[in-house]
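Biologist: Could you put the model on screen and talk me through some of its contacts?

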Amino acid sequence: MIVVGVDGSHAALEAVGWAVREAGLRGARLRVVHVMPAWAFEMPEDVPHADVGRWMRDGAAGMLAEGVERARAEGLPVEVESLLLPGDPRRGLIEVTGEAELLVVGSHGLGGFLGMLAGSVALGVCGHTACPVAVVRAAPAGQERSVPEGPVVVGVDGSPVGADALALAFAEASARGVGLRAVHAWSGPVIEGAPHLLESAARQEGDEQRVLAEALAGWGERYPDVKVTAQAVNGHPVDVLKDAAARAGLLVVGSRGRGDLTGLLLGSVSHSLLHHAVCPLVVVPPR
């Protein structure tokens with residue numbers, strides 16, 4: 001099952017469209033979820049101002065209906081259901097993903113601040129769910145986002161969660177019938193001149209190339225249909241992956257890689273890419 005959160009925003013409807021297409025690729029059902037304030041959800045009909053609670057429940061039901069309609073408009077043979085929950089949107093979406101294989105949210109909902117590229121819900125769920133989270137950025141108002149057919153790009157860093165991201169990326173590339181671009185980036189100085197420094201830089205580059213090669217070992221046999229382009233780049237991972245994602249259909253990263261502090265649920269690279277990646281981004285959590 002794939003879960004997609006809706007809040008009445010344009011970004012949420014973009015997320016629904018992406019989610020139902022993903023469900024079609026996976027042969028999964030789609031659950032459209034809206035989380036509303038608990039006080040309005042639970043307000044009895046025989047209390048003062050009960051009409052306020054009724055109005056909010058009607059609005060929430062309308063958001064769900066709009067989301068379901070958007071999903072069915074894709075015309076795919078996907079089972080679509082809806083669910084209304086009380087509470088905080090972040091906690092509600094995290095709790096409802098217990099049986100889900102993927103959670104999909106819009107990058108920026110109705111409650112976000114103008115100018116922020118990732119809203120509080122997108123930031124609040126990534127790294128906290130048991131399943132991967134896909135964050136879909138809305139196209140500009142009045143424009144339709146075409147279904148991208150670019151390659152799947154995956155960030156490779158040699159970490160265990162990076163290996164899980166690589167597994168998901170291969171599966172996505174195979175299902176979509178596109179290539180996979182595996183990118184390993186490291187931050188090292190650009191050395192010119194002194195021979196001993198050049199030798200040190202060359203050794204580091206060799207080490208980083210081995211990280212990438214070891215991470216990719218065996219995947220070609222499992223997915224012979226996926227054409228893989230491997231790229232090791234000396235540069236900041238955020239900048240390198242952002243550039244790669246500009247021409248991608250999907251970007252996949254682990255929630256926390258080798259360079260992040262123990263205990264962090266969302267690392268610095270995945271956090272930054274939530275704000276900067278222009279294509280749909282999937283953040284894979286630790287097992």
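Modeller: Here are notes on a salt-bridge network and on one strand. This is a predicted model, in which local features need pLDDT of at least 70 and side-chain atom pairs count only at pLDDT 80 or more, while totals for chains, interfaces and linings use all residues. Residues are numbered from 1 along each chain as its sequence is written, and side-chain values use heavy atoms, with hydrogens and water left out.

Biologist: How many salt bridges does the structure hold?

Modeller: The structure holds 13 salt bridges, a salt bridge being a side-chain nitrogen of Lys or Arg within 4 Å of a carboxyl oxygen of Asp or Glu.

Biologist: Which residues are linked in a network?

Modeller: E22, R26, E101, E172 and R176 are linked through salt bridges. Among the pairs is E22 with R26, at 2.8 Å from N to O.

Biologist: How far apart are E22 and R26 in helix α1?

Modeller: They are four residues apart in helix α1 (residues 10–26), and therefore separated by about one helical turn. Helices here are DSSP runs of H or I with at least four residues, strands are runs of E with at least two, and both are numbered from the N terminus.

Biologist: And is E22 buried or exposed?

Modeller: E22 counts as buried because its relative accessibility is 1%, whereas R26, at 29%, counts as partly exposed. Buried means under 20% relative accessible area, exposed means over 50%, and partly exposed lies in between, with a 1.4 Å probe and protein chains only.

Biologist: What about R176 and E22?

Modeller: Their side chains also meet in a salt bridge, at 3.2 Å from N to O. That pair links distant parts of the chain, with R176 in helix α6 (residues 160–176) and E22 in helix α1, 154 residues apart.

Biologist: Where does E101 lie?

Modeller: The side chain of E101 forms a salt bridge with that of R26, at 3.0 Å from N to O. E101 lies in the loop between α4 (89–96) and β4 (102–106) and R26 is in helix α1, so this pair ties together parts 75 residues apart in sequence.

Biologist: Changing topic, which residues cover the faces of strand β10?

Modeller: In β10 (residues 281–284), L281 and V283 on one side and V282 and V284 on the other are all buried, and both faces are covered.

Biologist: Which strand pairs with β10 in the antiparallel sense?

Modeller: Strand β5 (residues 133–136) does, over three bridges, where two strands pair if DSSP finds at least two bridges between them. Strand β9 (residues 250–254) runs parallel to β10 and is joined to it by four bridges.

Biologist: What is the bridge partner of L251 in β10?

Modeller: The partner of L251 is L281, and L281 is also the bridge partner of V135.
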